[in-house]
Amino acid sequence: MRRALYAVAAWALLLSACAGERTQLDLRLGHVASPGSLTAVSAEEFAKRANQRLGDLGHVTVFGSSQLGDDETLLIKLKLGTVDFSVPSTIMSSAVASFGLFEMPYLVRDREHMRRIEQELVWPRLAPDAAARGYELLAVWENGFRHITNDTRPIEGPDDLRGIKLRTPRGRWRVRLFQTFGANPTPMSLSETFIALQTGVIDGQENPLSQIHSQKFHEVQKFLTLSSHVYTPAFLLAGRDRWQSLPEPIREILSSTAREIQAFVYEQAESLDESLLADLRLAGIAVNECDRERFLAAGQPLFAEFAREVPQGGEMVAKALALAQAER
């Protein structure tokens, strides 16, 4: 990091000598999450640390709550260079096929398992796939373990989802998963979901506790099922062309800061999981556990489908599952 700071200082002096004044880079980070969510907290911490290190050379500004567009729009803007960073999660499985790995039910056991998957699969395999599609993966953060809320009944097994109109993100594998479970999945932007729940357009949704709480879904839902059916990472992403156009010393500061943030993100995630569940119970939503083995059994066809449709999909799943048994 010290070497990077020296290099940035040298670059600033050169720029000043050539242009007569220092030019600050304005960098925009867009995401869809609400204030107080894990994504928002993570993005703000990244911006704070990055801005301290960049000084007058650049400034990262965070735009949350879909101010710069929904996840699909942000992916387009990254390629166009009109947004510098975003923090997609599920949508990555539609943009880059191999990221569908994280849509497989109960694949990731815990955060330590996720760390091993990151080292053994994300950086050597998924990051190059993202680069080939025009995206630069800077860091792996977290969206979280996902749970089901609805306004109809407690969900104890897949049979209880039959007939329920359930909002999902716009990712094909999540839609397929809940079709397999027997629900009626309805892809929808996060920003549209509260009103859809409130007006009865949909019966329920699935999200990490952080999103459920920050989006206030508990105000329009009666039941929360702690299903943990999918663990979704969040990925700090840049458009590859825009990223490559930045001065190398600045790229080094941004990328090292992005990866450094992961420890903070995981610490915040664990704390929020505990405190937010307590808050949701106090708010009056009925909380229940489910039979996860039944959900896993019902989701097995998805593994076979992923292996058929995604190159080396079966090998990636097998490796990820084997890493769950790796010595800690």
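S86 is placed in strand β3, which spans residues 85–86. The model is a predicted one, in which local features need pLDDT of at least 70, side-chain atom pairs count only at pLDDT 80 or more, and totals for chains, interfaces and linings use all residues. Residues are numbered from 1 along each chain as its sequence is written, and side-chain values use heavy atoms, with hydrogens and water left out. Helices (H or I, at least four residues) and strands (E, at least two) are DSSP runs, numbered from the N terminus.

With a relative accessibility of 2%, S86 counts as buried. Here buried means under 20% relative accessible area, exposed means over 50%, and partly exposed lies in between (1.4 Å probe, protein chains only). Leaving aside residues up to four places away in sequence, S86 touches G30, L74, L78, F235, L236 and L237; contact means heavy atoms within 4.5 Å.

The relative accessible area of F178 is 0%. Its contacts, not counting residues up to four places away in sequence, are I148, L161, L166, T168, A183, P185, E206 and H229. F178 and A322 are 144 residues apart along the chain, and their C-alpha atoms are separated by 25 Å.

Helix α6 also takes part in a helix pair. The axes of α6 and α12 lie 10 Å apart, and the two helices pack at an angle of about 145°. Axes are lines fitted to C-alpha atoms, for helices over the stretch in contact, and angles run from 0 to 180 degrees between N-to-C directions. The crossing of α6 and α12 is right-handed; a crossing is right-handed if the near helix is turned clockwise from the far one by less than a right angle, and left-handed if anticlockwise. On the α6 side, R172, W173, R176, L177 and T180 meet P301, L302, E305, F306 and E309 of α12. The residues of this contact divide into five nonpolar, one polar and four charged. In this grouping, Ala, Val, Leu, Ile, Met, Phe, Trp, Tyr, Cys and Pro count as nonpolar, Asp, Glu, Lys and Arg as charged, and the others, Gly among them, as polar.

Helix α12 (residues 300–309) has a further partner in helix α13 (residues 313–323): their axes are 6 Å apart and they pack at an angle of about 130°. The two helices are therefore oblique to each other; angles under 35 degrees count as roughly parallel, over 145 as roughly antiparallel, 65 to 115 as roughly perpendicular and the rest as oblique. F303, F306 and A307 of α12 meet G313, G314, M316 and V317 of α13. Five of the residues in this contact are nonpolar, two are polar and none is charged.

Which residues of α13 are buried? They are G313, M316, V317, A320 and L323. These residues cover an arc of only 125° around the axis, which puts them on the same side of α13; the arc is that of the directions from the helix axis to the C-beta atoms. Among the elements covering them are α5 (111–132) and α12.

Another helix pair joins α2 (residues 38–54) and α10 (residues 248–283), whose axes come within 9 Å and cross at roughly 145°. This crossing, too, is right-handed. Residues of α2 in the contact include L38, V41, F46 and R49, and those of α10 include I250, L254, F264 and L272. The contact of α2 with α10 holds 14 nonpolar, three polar and four charged residues.

In helix α7 (residues 190–198), the buried residues are L190, T193, F194, A196 and L197. Their cover includes β6 (165–168), β8 (204–208) and α8 (209–214). Just after α7, G200 takes a positive phi of about 80°.

Positive phi values also occur at residues other than glycine. S66, in the loop between β2 (58–63) and α3 (71–80), has a positive phi of about 60° and is buried, at 17% relative accessible area. K216, in the loop between α8 and β9 (223–226), likewise has a positive phi of about 60°, but K216 is partly exposed, at 44%.

Finally, D160 is located in the loop between β5 (144–150) and β6. D160 is partly exposed, with a relative accessible area of 21%, and touches R153, P154 and I155 when residues up to four places away in sequence are not counted. D160 and G182 are 22 residues apart in sequence and 8.4 Å apart in space, C-alpha to C-alpha.
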